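Please open the entry in your viewer and keep the selection panel at hand, as this tour moves from one selection to the next.

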Amino acid sequence: MLALNRQNDYDQHSLMIMKDQITQFLFHKKGIEGDKNKEDKRDYSVSKKLCVAAAVSSLLFAGCFQPPKLAKQTFTLELGADVYANPDVYLENADDVNSKKLSIEVETPGIAKLDNRFVSTGSEYLAVGEYDFVLVNGSKRTPFAVKIKDTKPPTITNDVTELSVGYGQIIDWASVFDAKDLSEVYYEAPLDASLVVGEQDITVRITDRFGNGVDRVVHLMVGV
Ligand SMILES: [Ca+2]
């Protein structure tokens with residue numbers, strides 16, 4: 001019983017000290033002496049004191065920021081998209097993080113930083129592939145990946161529906177269609193199309209290096 005009483009005394013004493021510290025801190029923050037209210041403040045319940053203690057200590061020691069959390073482990077982007085060096089882009093909780101302390105580093109060789117973007121050396125963008133990146137937060141390094149894919153077919157800016165050629169003429173489809181793609185442009189069409197005199201519809205398939213393609217039907221007129 002004696003030990004229990006001493007423990008209770010000890011707890012009460014600890015709480016009193018904590019209460020005083022909290023009260024002093026709050027008054028200090030408000031810039032007032034607080035002598036008049038000091039006794040009133042002692043009437044706070046234990047639970048209230050603990051809540052205030054938690055709030056004060058979180059303000060004092062944890063600050064208003066949370067640890068950064070990556071939104072994904074792998075970020076998949078379309079070829080040609082900007083791959084920013086800004087840490088906020090990769091965070092789930094960017095609004096709650098002190099991103100000034102953070103940085104993004106790349107570990108895969110052959111990548112340069114152009115302004116605020118990562119690009120393949122000598123290029124304006126990151127080439128198709130998978131790259132190792134790190135979110136740096138002081139001494140803590142959190143790895144993540146950036147995957148660049150080409151999923152888009154070539155863009156064709158002219159509309160060709162008819163074409164007249166001579167018999168046996170080799171058709172240069174690259175000069176017929178104005179097609180562009182970051183992964184080159186290839187044309188597939190019947191090789192013997194110009195060996196049939198008369199008119200016929202043929203299908204020209206326009207693809208990039210990764211097999212993304214579009215079809216165009218051309219009414220071919222072959223003269224003698
Ligand atoms: Ca493409």
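How many helices and strands does the secondary structure of the protein come to? Colour by secondary structure, and you will find 4 helices and 12 strands, where helices (H or I, at least four residues) and strands (E, at least two) are DSSP runs numbered from the N terminus. This is a predicted model, in which local features need pLDDT of at least 70 and side-chain atom pairs count only at pLDDT 80 or more, while totals for chains, interfaces and linings use all residues. Residues are numbered from 1 along each chain as its sequence is written.

Select next the open sheet of 4 strands, whose order is β1-β6-β5-β2 with mixed pairing; two strands pair if DSSP finds at least two bridges between them. At the edges stand β1 (74-78) and β2 (102-106), each with a single partner strand, so one side of each has no neighbour in the sheet. Between β1 and β6 the pairing is parallel, over 5 bridges, and Leu77 has Ile148 in β6 as its bridge partner.

Stay on Ile148, which belongs to the largest nonpolar core, a group of 10 residues that also includes Val83, Tyr90, Phe118 and Tyr131. Such a core is a set of buried Ala, Val, Leu, Ile, Met, Phe, Trp, Tyr and Cys residues joined through C-beta atoms within 7 Å, and buried requires 20 or more other C-beta atoms within 10 Å of a residue's own, with C-beta atoms placed from the backbone. At least two residues of this core come from each of β5 (129-137) and β6 (140-149).

Finally, select Phe177, Ala179, Val185 and Val218, which are among the 7 residues of a second, separate core.

Methods. A residue is buried if 20 or more other C-beta atoms lie within 10 Å of its own, exposed if 12 or fewer, and partly exposed in between; C-beta atoms are placed from the backbone.
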